[in-house]
Amino acid sequence: EPYSFAFTTEEGSDEVNAEKGWKKEFVAFFAFPAGTPSALQVYHQSDSDEPGESYTTTLGGTACTFAAVQPPAPIGVGVIGCGSRIKTFTDWMASSSFRDIMVFRAYSDENEGARKSFAQWSTSHGYTDVPAYSDYRELVKRDDVDWVFIGSKNFLHAEQCVAAFEAGKHVFCEKPLAVDVEQCKSVLEAQKKSDRLFATGFVLRHAPFYAALKALLTSGKMGR
């Protein structure tokens, strides 16, 4: 059934009627500078229309073109370190909409018991025949792995990050990044050379209460 998408611009808001089976869960709110023509791509899941079909409308005084495009190929993920911390993260991923765009390709842990435990997790979430490695170097060499998620022992983080970057992978690493400053510098250097994306799990930096405290300190209302 057709429905409306609501978009917001700096000049106001508007709605566009969606037709021909546009899939709602792929649509998000977009914001863009007032008066700037913007081409917005919305994923299209209908079998009846070809990618590239588009229509133009005006949202809050800004001309926008909506085009039917195919969803991107799934992102291949490799997991290094199969303990409880990384499972918390992968549990969330496997049960969310990210499952449509991220696929587990392989996992690695030097501990056989951890590999067996993760194999059970993998099967329970519908991932069958996922390769397991005792040596993480074999995992990072895989062509179908785009991102490497590292949740291993703390002292291994730096060397595994560096190996992943040298293999041309994007990296997410659980905290801590490393166990000393020199190891941190080696990760930074490897990331810069690789020009790959990197994220580390300092999640509290994005927590609302920390952001509020930082705002108070910056404003001078609190602290000296």
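This is a predicted model: local features need pLDDT of at least 70, side-chain atom pairs count only at pLDDT 80 or more; totals for chains, interfaces and linings use all residues.
Trainee: What makes a space a pocket, and how much space lies in the largest pocket?

Mentor: On a 1 Å grid over the protein atoms alone, a pocket is an open set of points with protein on both sides within 12 Å along at least five of seven lines, whereas a cavity is a set of points where a 1.4 Å probe fits but cannot get out. The volume is the space filled by probe spheres set on the points, which are joined across faces, edges and corners, and for the largest pocket this comes to about 270 Å³. The largest pocket is lined by 22 residues, and the closest to its centre are Gly81, Asp109, Ser152, Lys153 and Leu156; a lining residue has an atom within 4 Å of a point.

Trainee: Which helices contribute to the lining of the largest pocket, and what is its make-up by class?

Mentor: At least two lining residues come from each of α1 (84-94), α3 (136-140) and α4 (157-166), where helices (H or I, at least four residues) and strands (E, at least two) are DSSP runs numbered from the N terminus. By class the lining has five nonpolar, ten polar and seven charged residues, with Ala, Val, Leu, Ile, Met, Phe, Trp, Tyr, Cys and Pro counted as nonpolar, Asp, Glu, Lys and Arg as charged, and the others, Gly among them, as polar.

Trainee: Why is phenylalanine 209 called exposed?

Mentor: Exposed means over 50% relative accessible area, buried under 20%, and partly exposed in between (1.4 Å probe, protein chains only). Phenylalanine 209 has 51% relative accessibility and therefore counts as exposed; its place is in helix α6 (residues 208-219).

Trainee: What makes a nonpolar patch on the surface, and which residues form it?

Mentor: Patches are made of residues with over 30% relative accessible area and no salt bridge, nonpolar side chains (Val, Leu, Ile, Met, Phe, Trp, Tyr) being joined within 5 Å and like charges within 9 Å. Here Val203, Leu204, Phe209, Tyr210, Leu213, Leu216, Leu217 and Met222 form the patch, and together they have about 740 Å² of accessible area, as given by the Shrake-Rupley method with a 1.4 Å probe.

Trainee: How do you know that glutamate 112 forms a salt bridge with lysine 116?

Mentor: A salt bridge is a side-chain nitrogen of Lys or Arg within 4 Å of a carboxyl oxygen of Asp or Glu, and the closest N and O atoms of glutamate 112 and lysine 116 are 3.6 Å apart. The two residues are four apart in helix α2 (residues 112-124) and so are separated by about one helical turn. Glutamate 112, at 49%, is partly exposed, whereas lysine 116, at 51%, counts as exposed.

Trainee: How many salt bridges does the structure hold?

Mentor: The structure holds seven. Among them is the one between glutamate 189 and lysine 193, with the closest N and O atoms 3.3 Å apart, and these residues are likewise four apart, in helix α5 (residues 181-194), hence about one helical turn. Glutamate 189 is partly exposed at 45% and lysine 193 is exposed at 67%. Another joins aspartate 144 to arginine 142 at 2.8 Å, aspartate 144 being partly exposed at 30%.

Trainee: Why is glutamate 174 called buried?

Mentor: Its relative accessibility is 11%, and therefore glutamate 174 counts as buried, although the residue lies in the loop between β10 (170-173) and α5. That loop also holds proline 176, and the peptide bond from lysine 175 to proline 176 is cis, with omega near -5°.

Trainee: What makes the phi of aspartate 129 worth a remark?

Mentor: Most residues other than glycine have a negative phi, and most peptide bonds are trans. Aspartate 129 is not a glycine, yet has a positive phi of about 60°; it lies in the loop between α2 and β8 (132-133) and is exposed at 79%. Aspartate 195 also has a positive phi of about 60°, is found in the loop between α5 and β11 (198-200), and counts as exposed at 61%.

Conventions. Residues are numbered from 1 along each chain as its sequence is written. Side-chain values use heavy atoms; hydrogens and water are left out.
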